Amino acid sequence: MSFFLEVLVGGLLAGVMYSLVAIGFVLIYKASGVFNFAQGSLVLFGALTFVSLIERHLAAWLAFAATLAVLVLIAIAIERAVLRPLVNRTPIVLFMATLGLSFILEGAAQLLWGAQVHGLDLGIDDKPLQLGGVMISQFDMFAAATAGVLVIALSLMTNRTRLGLSLRAVADDPLAALAVGIRLPRIWAIVWSLAGFVSLVAGLLWGARLGVQFSLSLVVLKALPVLIIGGFSSIGGAIAGGLLVGASEKLAEVYAGALVGGGIENWFPYVLAVLFLLVRPAGLFGEPAVERV
Amino acid sequence: MNLSLSRYFRATWPRVTAIAGVSLLLAAGVVATASAAYAGGEEYFPLQSYRVGPYAAGGTGFFGGFIDYMQLINTRDGGVNGVKLTWSECETEYVVEKGVECYERLKAGLNGAPAAATNPLSVGIAYASLDRSTVDKLPLITINHGRTDSTDGAVFPYVFPLQLNPYSEVSAIINYIGTQSGGLQGLKGKKIVVLYHGSPYGRETIPVLDTLAKKYGFELTQIEVPHPGNEQGSQWLNIHRINPDWVILRGWGVMNPVALKSAQKVGFPANHIIGNIWSNSEEDVRPAGDAAKGFISITTHPSGTNYPVLQAIDQYVVKPGKGNLNDPARFGTVYYNLGVVNGILNVEALRVAQAKYGNKPLTGEQVRWGFEHLDLDNARLKQLGAFGLVQPLKLSCADHEGGGAVRFQQWDGQHWKVISDWVQADRALLRPIIEKSANAYAKEKGITPRDCSKDL
Amino acid sequence: MSNIVIRRAGLSASRPAVPGLVLVAGLAVLAAVPGVASEYWLSAVLTPFLILSLAGLGLNLLTGYAGQLSLGTAAFMAVGAYATYNFAVRVPGLSLLADLVLGGLTTAAIGTLFGLPSLRIKGFYLIAATLAAQFFIEWLLTKVNWFSNDDTSGVLSAPRLSIFGWSIATPVSRYQFVLGVVAVLFAVAASLVRSELGRRWMAVRDMDTAAAVIGIPIGRTKLLAFAVSSFVIGIAGALWAFAYLGTVEPHGFDLNLSFQVLFIIIIGGMGSISGNFYGAAFIVLLPIALSHAAGALAAIGVDVGQLQNLQKILFGVLIIVFLIKEPDGLARLVQIARQRLRNWPLRA
């Protein structure tokens, strides 16, 4: 029984890590309506910049601030150079544009900082904890706590501040928001910067887990089913989806995987996502598409 | 005439694109098929290198070492018996289609210098180039990896899994575990878990490990990690539940540091994890931080810089500023030294072939003869300055591997320290399995195996 | 006579039929290529170009004409390759063409299966179904050794190809074989999209509720789109494995390949037939041209690693510039060019 709990808890905590990446997607989707495939590359770029600055003996907080500034600049540049000219295009064209963007970011990251792999030490000694007979990883707990803080901060901001109100307005109906006097470019810039911040946090946590290297951008493939299950436009959905995907993926790998020889982790979340969509075509918390004939 | 500027632009834009596109194509065609005047007296090594992408760290190290060694031969010795070495790179990003395109582009030689052999350092690209290499009569070198049955040169005359093939690798590891258990009979009843990468490279050794488990009586569990291996939580919880004596890690790329970190998460000691030949570099363990301390892995060549050949490279190539590595700290690391070793073997094959065919640029077919008659004993290794760096190797028509021995090293947080002498694989056990597989391949493809008793 | 041009939405609606003469001329040019092109061009550039055009055609039928998003193209190519291989190896006596067709039909069946969710899920979320296909099929083909004739690694290597005694072993004959198959399938597809089925597809793509109202069976139309598209993609996959690479493993058909084919149809033009050629040309030739240019620069001493990264950046930039400049792809640009050429003496 305790083994089952270990797998479950491990899965839930891994799922939180997926959610962290998914939240970045959600923010951008809410503001610009685009599914930003370049999110993975942003995570990589942020982590790589941070680690390279640290290796050049910059203080951690300074490196963080500098990387954040760079990510914000990139986000604003993307919004201006890529998204604005492509406004009103079909979602698939926007998606492909972000794909092209991911090539640029990956190439730029390696051009600037090289192709070496880096270790990232966040100072957490990852010896397993024993809680009630169940083994839990300290690092995963820390990541979950960070994610929790982030989510709370984001929802407080969205629900309690003027800025959050403007964000919700823009997400609901950009034209109406424009009519009411909300400055869209500024809102977009802020949202993309927030997404950049979330990417950086996700990048640091994932980087500490995997090492900061090119494969970091592949975490986006884990975030996709999370988004599909949770709905593209809901942060709560991203968390719920993440927990669901993480737990079910690990349990399936251990129990069902044993029957079929293992290795099912890659496709199981996607199959799960399809099953979910059959029941709720817009995801758990997503907004159903309104069609006008 | 109502002709605004934007309309003019839009009207000419298609034409401009078309003209630009055609010129680009023509230019590409010209560059591709242009061959300058015969440069005379050079041997060409096409390099299907990868310097970007997820495996760039390994690629930059390996090709850096290879190129630096060739520079050494050119600078210090004036080439191989007067025949200078030349090379050019074509980026594959470790993608098979690009590897194939690079192969086709470069196989004809450079400026009249014939191609000697290809060294793609990629299982996927090697598989895709296998048939082509045989038709084009160009040796395909897959050092320390590749198709195990290509060891049988009777069926695969142009493929060379130099030094170590995947079967030898796991056999040697089992033999080492045996020595740690008081002899091979001590393996009986032990629990061994093999964690392998979910790809052809990873799955290649599944049957031979089953065979070895049956032979020595140890309990074997083989667990797959789906590519790329970013997440291994459930696999390691499984391992924790099994509680094995040893874990053999057959990883690649990001799977390696994640494995070590996940092992730490479940409290499995790193010094009971043995990594294989592609889990043995500094790039594999550094990201894992202190989770990697004590991790053991195999190597066909130690890392470090106090070998005469490396010091020669330092003197003649690196110090004058012609070193290929961007980061000089990587000099002497595992991948770099692998590149140097690869260079040594390729050049030595050239030398051996020249002894038969004359001191001139040689074709692929002649270089193949050189590889098949490669005989590096300790005396020759001392002459090359690689004693202790390269194992004694003897290839033949039937045996394209030639070595099959590894040493074991342990990571102490900063460096790899060699902790054992050469441990040999059980090649006698493996040979029949290899031959059976090679003959099955020959039958399927309609190839007649060569008669290796005749010296071709 | 006044020239009234009614512009309707989408490339497919307003494209005039390609004059037969142009098509025949194009084919003649392509057929004459082996006489002038080197082996490198044939086996490393033109053959993949043709095969990718075919894959683009398949995806275009599904996504461009019927409006169903798919990111599983590479997986369906894999199914086609492995199915054809199994028919070729396990059922001796069948000609290669029969193996291809059977492989394509198998892929059509699988494609229809994974297309079932499209009956319920619409829009961008549909990528979930084809992504599930992509990862599941990759896993299945590696896991179950039976598919690769009991090779533990899941690698399959192409058997000897021959049709009615004509041995397809040289780059020239492989090129001609691929050209033949591609020409036939393109001709079939071109007439298919101009038929009732094609119009139904476009109706489902543009306004599926309205289409249902006027009596078009939406479910059947969508599934047919998946079936036909997968058939074509399956054959493209078999050609990719047999006539181009020679050896394949399931990971060769990964998500990146799916993205490549998607790029082809977007850049070439969604909802067009000839656009697939233009898109494939862009995707195949541009990286090679960049790589050659990089090789030339490397020869004069520019750092090789930096060049590769610059290439990647340049490729991404070109894609974005393209998407901004011309949403309907290269096919539209060619259309505009032809119209301008037609009117050229009369225009300023």
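# Close-up views of a predicted three-chain model

**Figure 1. Chain B, overall build.** Of the 456 residues of chain B, 59% count as buried. The model is predicted. Chain B holds 15 helices and 14 strands. Its C-alpha atoms occupy a box of roughly 90 × 65 × 50 Å along the principal axes. Among contacts in chain B with a separation of 6 or more, 71% are between residues 24 or more positions apart.

**Figure 2. The two domains of chain B.** Domain 1 of chain B is made of three segments: 42-164, 303-394 and 427-445. Domain 2 of chain B is residues 167-299. Their C-alpha centres are 28 Å apart. The contact between them uses 16 residues of domain 1 and 16 residues of domain 2. On the domain 1 side, helix 2 (56-77), helix 12 (334-357) and helix 15 (427-445) of chain B each provide at least two residues. Helix 15 of chain B gives the most, with four residues. By residue class, the domain 1 side has ten nonpolar, five polar and one charged.

**Figure 3. A cis proline in chain B.** The peptide bond between B:His227 and B:Pro228 is cis, with omega about -5°. B:Pro228 sits in the loop that runs between strand 6 (219-225) and helix 8 (233-242) of chain B.

**Figure 4. Positive phi at B:Asn243.** B:Asn243 is not a glycine, yet its phi is positive, about 55°. The residue lies in the loop between helix 8 and strand 7 (246-250) of chain B. Is B:Asn243 buried or exposed? B:Asn243 has 9 C-beta neighbours inside 10 Å, so it counts as exposed. The cut-off for exposed is 12 or fewer.

**Figure 5. Positive phi at A:His57.** A:His57 also is not a glycine and has a positive phi, about 65°. Its loop runs between helix 2 (39-55) and helix 3 (60-83) of chain A. A:His57 has 7 C-beta neighbours inside 10 Å and therefore counts as exposed.

**Figure 6. Where chain A meets chain B.** This contact takes 32 residues from chain A and 36 residues from chain B. On the chain A side, two or more residues come from each of helix 1 (2-32), helix 8 (184-210) and helix 10 (235-260) of chain A. Helix 1 of chain A gives the most, with five residues. The side of chain A that touches chain B divides into twelve nonpolar, 13 polar and seven charged residues.

**Figure 7. Where chain A meets chain C.** Here 38 residues of chain A and 37 residues of chain C take part. Helix 4 (91-113), helix 9 (220-230) and helix 11 (268-279) of chain A each supply at least two residues to the chain A side. The largest share, 15 residues, comes from helix 4 of chain A. What is the makeup of the side of chain A that touches chain C? It divides into 29 nonpolar, six polar and three charged residues.

**Figure 8. Chain C, overall build.** Chain C has 14 helices and four strands. Its C-alpha trace spans about 65 × 60 × 45 Å along the principal axes. With 348 residues, a compact globule would have a radius of gyration near 20 Å; chain C has 21 Å, so the two agree. Of the 348 residues of chain C, 53% count as buried. For contacts in chain C between residues at least 6 apart in sequence, 78% link residues at least 24 apart.

**Figure 9. A helix pair in chain C.** Helix 7 (residues 171-193) and helix 10 (residues 218-245) of chain C pack with their axes 11 Å apart, at an angle of about 175°. Angles over 145 degrees count as roughly antiparallel. Helix 7 of chain C and helix 10 of chain C are therefore roughly antiparallel to each other. Helix 7 of chain C brings C:Arg174, C:Phe177, C:Val178, C:Val181, C:Leu185 and C:Ala189 to the contact. Helix 10 of chain C meets them with C:Val232, C:Ile235, C:Leu239 and C:Ala243. The residues of this helix contact comprise nine nonpolar, no polar and one charged.

Conventions:
Residues numbered from 1 in each chain as written. Chains lettered and ligands numbered in written order. Predicted model: local features only at pLDDT ≥ 70, side-chain atom pairs only at ≥ 80, totals over all residues. Contact = placed C-beta atoms within 7 Å. Nonpolar A, V, L, I, M, F, W, Y, C, P; charged D, E, K, R; others polar. Domains from an automatic or database assignment. Axes fitted to C-alpha atoms, helices over the stretch in contact; angles between N-to-C directions. Parallel < 35°, antiparallel > 145°, perpendicular 65-115°, else oblique. Buried ≥ 20, exposed ≤ 12 C-beta atoms within 10 Å, placed from the backbone. Rg over C-alpha atoms; globule rule 2.2 N^0.38 Å.
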